[in-house]
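Try each task yourself before you read its solution.

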Amino acid sequence: MIKINLPGGIVPAGELLDILTGAQNANVTHVRFGNRQQLLFEVDHTELDDLKNELIINDINYEVDADEYPNIISSYVTEDIIYNANWLKEGVYKDILDLFDYEPRLKINLADNSQTFVPFFTGNFNFISSDVSNFWYLYVRFPKTNILYCWPSLIYSEDIPGISKIIEQEILGNRKLFYDQPVIDGALLHKKVTAKTKFLLQPYTHTLQLPEFHLPFYEGFNRYNNNKQWLGIYRRDELFRVDFLKEICALCLETRIGQLYTTPWKSIVIKGIEQADRKAWGTILNRYRINVRHAANELNWQVEDLCDEGLLIKRQLVREFEEADTRTYRLCFAVKTKRKSGLFGSVIINKLRSGSKGSEDIFEILHTRDFNPNSKDFVVFRPKVAKPDISTHLMALCDMFYELQDNEGNQPAQLPTVAEANAAPDKQVYQCKNCMTVYDEIYGDDINNIAPGTKFETIEQYQCPTCDSPKQDFVLLDSLSLAHQWNS
């Protein structure tokens, strides 16, 4: 597996053409784009050396079967075509990206505070534009945790690469303090960083206010800036043919479009299409039978990179949503088949364990407490769900979401907790603090041969069926306020 970072989700058409030509010479037929706006493709090991040489000749950085250096993502793809920022323009994004003199090992997000297309908090260093020109909020999400620390001052645009480098060094150099810990002192990190260097800081007068989530329709031809158009291309199977993308790059160069953009939804965007060239773009789409009008309830899903299992689940759920004509406006969904994959969603379908021979895989369904996918405060909606039953429960959750929308103020209220919705008043639900697997006495635990109706406190010896943690690592769900500390 070859991974090539496209910083900020921006790639010059000529550079992408060089990458695709090298891939095609190595007999690669399809490529993908990842959740962090990166490029991914598989190559046979017999072609690897020649591909490496070609990438080196073209000065393209790459990783093989690794993701040690995650891509820096940005919301620049949205600028001018979906959202219009006050001061965060192309030059600001590019100046920041050009100032990085190192390859970050932690995830960095650069996001405009008015958009909801690119996630705010999926990075470790989440820079979000403020209302003050060229200054940003910084939210540090400590690695392997969901602990967020808001930096107590705004960060100047040109200082983002420098402060990111120093904070990364402190975190990776003090893992016992700041890396994969249940409790982390963000103020201590701030003290260590500010003791080493000084940056141009600005106090902020009010806290960040995130916009209400709305996912724009991000594919097809769309008009903007008078006579210009932009084109968004989404692929149901995430696969883009190399020869198709090469023709796209060639037409960009021919029509003086300098760059393409990748999105966290694994799609691509081409801006600046002149009306006179619209037919040429349509001809390419026709030649490769590219559909650019998918249903909205198919576009609002996140699946882990390179995850065929997640894609199959998504396709099945989308089909069942379509058959039931289910409304999903203002919701987005994520399918997680493994821990710590860091997906973005207001509703999460999380795989708890694979089914044994003759039994179904088991999932849980969660949602953010306020249904904003940028939140990390998760509530369990259904604790144990067999794969065939997922769509039924998801549709019930969608119905409940819209019923709650009718409450006073037209804002989603909190749903009943899992204990309130599914249990008798005296029922107790326990949760593994390491992997968040739930033990519910109503269901018992067939993996550990524990019959339904067995109270947790009566079990003498117990191991988590997901991660093998001992019984003492399970905590009453009420003590966690039914919120997942989601290890992303």
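**Exercise 1. Find the loop that holds Arg330, and decide whether Arg330 is buried or exposed.**

Step 1: Arg330 sits in the loop between α10 (308-324) and β19 (333-336). Helices (H or I, at least four residues) and strands (E, at least two) are DSSP runs, numbered from the N terminus. This is a predicted model, in which local features need pLDDT of at least 70 and side-chain atom pairs count only at pLDDT 80 or more, while totals for chains, interfaces and linings use all residues. Residues are numbered from 1 along each chain as its sequence is written, and side-chain values use heavy atoms, with hydrogens and water left out.

Step 2: Buried means under 20% relative accessible area, exposed over 50%, and partly exposed in between (1.4 Å probe, protein chains only). Arg330 has 15% relative accessibility, so Arg330 counts as buried.

Step 3: Now look at the backbone. Arg330 is not a glycine, yet its phi is positive, about 75 degrees.

**Exercise 2. Where does Gln37 lie, and what is its phi?**

Step 1: The loop between β3 (30-33) and β4 (39-41) contains Gln37.

Step 2: Gln37 is not a glycine either, and has a positive phi of about 65 degrees.

Step 3: With 0% relative accessibility, Gln37 counts as buried.

**Exercise 3. Describe the surroundings of Glu42.**

Step 1: Glu42 belongs to the loop between β4 and α2 (48-57).

Step 2: Its relative accessible area is 59%, so Glu42 is exposed.

Step 3: Contact means heavy atoms within 4.5 Å. Leaving out residues up to four places away in sequence, Glu42 touches Met1 and Val28.

Step 4: Between Glu42 and Lys3 there are 8.9 Å in space, C-alpha to C-alpha, and the two are 39 residues apart in sequence.

**Exercise 4. Which residues make polar contacts with the side chain of Gln229?**

Step 1: Start by locating Gln229 in strand β14 (residues 228-233). At 7% relative accessibility, this residue is buried.

Step 2: A polar contact is a pair of N or O atoms within 3.5 Å; within protein, one must be able to donate a hydrogen and the other to accept it, and residues adjacent in sequence count only if both atoms are side-chain atoms.

Step 3: The Gln229 side chain makes such a contact with the side chain of Gln275 at 3.0 Å, and another with the side chain of Arg278 at 3.5 Å.

Step 4: Beyond residues up to four places away in sequence, Gln229 touches several others, including Phe221, Tyr224 and Ile270.

**Exercise 5. How do α7 and α8 pack?**

Step 1: Two packed helices are described by the angle between their axes and the distance between the axes. Axes are lines fitted to C-alpha atoms, for helices over the stretch in contact, and angles run from 0 to 180 degrees between N-to-C directions.

Step 2: Helix α7 (residues 242-254) and helix α8 (residues 278-287) make an angle of about 175 degrees, and their axes are 11 Å apart.

Step 3: Angles under 35 degrees count as roughly parallel, over 145 as roughly antiparallel, 65 to 115 as roughly perpendicular and the rest as oblique. The two helices, α7 and α8, are therefore roughly antiparallel.

Step 4: Residues in contact include Phe244 and Leu251 in α7, and Trp281 and Ile284 in α8.
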